[in-house]
Amino acid sequence: MSSENLTVSETSSPTPIQRPRRLRSSAAIRRMVRENHLTVDDLIYPMFVMEGEAQKVEILSMPGCFRYTLDLLLKEIAEIYALGINAIALFPVIPESRKDDLGTESYNPDGLVQRTVRAIKENVPEILVITDIALDPFTTHGHDGIIDEQGVILNDPTVEILVKMAISQAAAGSDMVAPSDMMDGRIGAIRQALDAEGYTDVRILAYSAKYASAYYGPFRDALDSAPKFGDKKTYQMDAANSREAIKEVALDIAEGADIVMVKPALAYLDIIRQVKDYTNLPVAAYNVSGEYAMIKAAAAQGWIDEKKLVLETLTSMKRAGADLILTYFAKEVALMLK
Ligand code: PBG
């Protein structure tokens, strides 16, 4: 007789009733057995800088997020640093007049990013400044790479420009460069060039598994950087793939990445977990603009409890394996966790 056919009373040693609820019955016991914790140390705050003075413009599709002129950005950075936020990821709004087909403004030593980094390092030297490496804010066509007459994104010529951009950011004092462009071979090329120029301590946060995603819409509004033609599917990853994410992560690690990233986060929690199981490097997740906008929009309608949903969402990323989270909610969360 197989054991499945026995009733409890017929077995010689009945299994005691398992009561998992014992470990949920009070706040104190729940705290004791909690497996994952979200702390302000995990957070990286993406911030937008624009030209001008004394202005702060809210981004329509990202309520609570602003484009700041440098003077006001410095104030805001001092404030968030005081709240315990250790790191920011900087994105520039480049005036149309400074854009061209090759994105040459990206490596101007006196460009907006370079000036901003120098000013932050003078004013709040301890905060980690992470600078984005990609051409889209700087190109007239809005793609992350340079294009030929047929509109094909050219890999190796783009990498040459990305390398110049990385060197100019390092020279300005960037603590960490973050290539978000998804060109092949850029991590290795940037690492070699940084080392050759003496920037051996500048870290690389690689956007390793970056998907071609509709979740980036609000960010492209923030920077006016939406592609003018086509989409980004020839360089960013197909949402249907997971083994390919590991291939990209493996390459970036071999090429010298210090931290690897999965982006977006919420629809890609499985990828975060797979990357975490694959590598012992820190894993970052980018809680992107569309994820932010969805929560803000539902909260504005009164349909969800924003604070609870933000904590639950970011905790799910920690549980999936993220060590670091880039999130527009960073300031809000820092205030909540205080
Ligand atoms: C550009 C870049 C994008 C984001 C970060 N860097 C947009 C894109 O790839 O089109 C998206 C961030 C967000 O949506 O919050 N290389």
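1. The ligand has an oxygen atom that lies 2.6 Å from an N or O atom in the side chain of Tyr-328, and this pair counts as a polar contact, defined as a pair of N or O atoms within 3.5 Å (within protein, one must be able to donate a hydrogen and the other to accept it, and residues adjacent in sequence count only if both atoms are side-chain atoms). The protein covers 100% of the 400 Å² of accessible area that the ligand has on its own, where accessible areas come from the Shrake-Rupley method with a 1.4 Å probe, and for residues only the protein chains shown count as cover.

2. This is a predicted model, in which local features need pLDDT of at least 70 and side-chain atom pairs count only at pLDDT 80 or more, while totals for chains, interfaces and linings use all residues. Residues are numbered from 1 along each chain as its sequence is written, and side-chain values use heavy atoms, with hydrogens and water left out.

3. Two further pairs concern side chains: an oxygen atom of the ligand is 2.7 Å from an N or O atom of Arg-220, and a nitrogen atom of the ligand is 2.9 Å from an N or O atom of Ser-180.

4. Around the ligand there are 17 residues, the closest being Lys-210, Arg-220, Lys-263, Ser-289 and Tyr-328, where a residue is near a molecule if one of its heavy atoms lies within 4 Å of it. This shell holds eight nonpolar, three polar and six charged residues; Ala, Val, Leu, Ile, Met, Phe, Trp, Tyr, Cys and Pro count as nonpolar, Asp, Glu, Lys and Arg as charged, and the others, Gly among them, as polar.

5. Where does the ligand sit? It sits in the largest cavity, meaning that more than half of its atoms lie within 2 Å of the grid points. A cavity is a set of points, on a 1 Å grid over the protein atoms alone, where a 1.4 Å probe fits but cannot get out, and lining residues have an atom within 4 Å of a point.

6. The largest cavity has a volume of about 130 Å³, and among its 17 lining residues Asp-136, Lys-210, Tyr-216, Phe-219 and Lys-263 lie nearest its centre. Both β9 (203-210) and α6 (217-223) supply at least two residues of this lining.

7. The second largest cavity has a volume of about 50 Å³, and its lining includes Tyr-45, Phe-48, Cys-65 and Glu-76. By class, that lining divides into seven nonpolar residues, one polar and one charged.

Conventions. On a 1 Å grid over the protein atoms alone, a cavity is a set of points where a 1.4 Å probe fits but cannot get out, and a pocket is an open set with protein on both sides within 12 Å along at least five of seven lines; lining residues have an atom within 4 Å of a point. Grid points are joined across faces, edges and corners, and a volume is the space filled by probe spheres set on the points. Helices (H or I, at least four residues) and strands (E, at least two) are DSSP runs, numbered from the N terminus.
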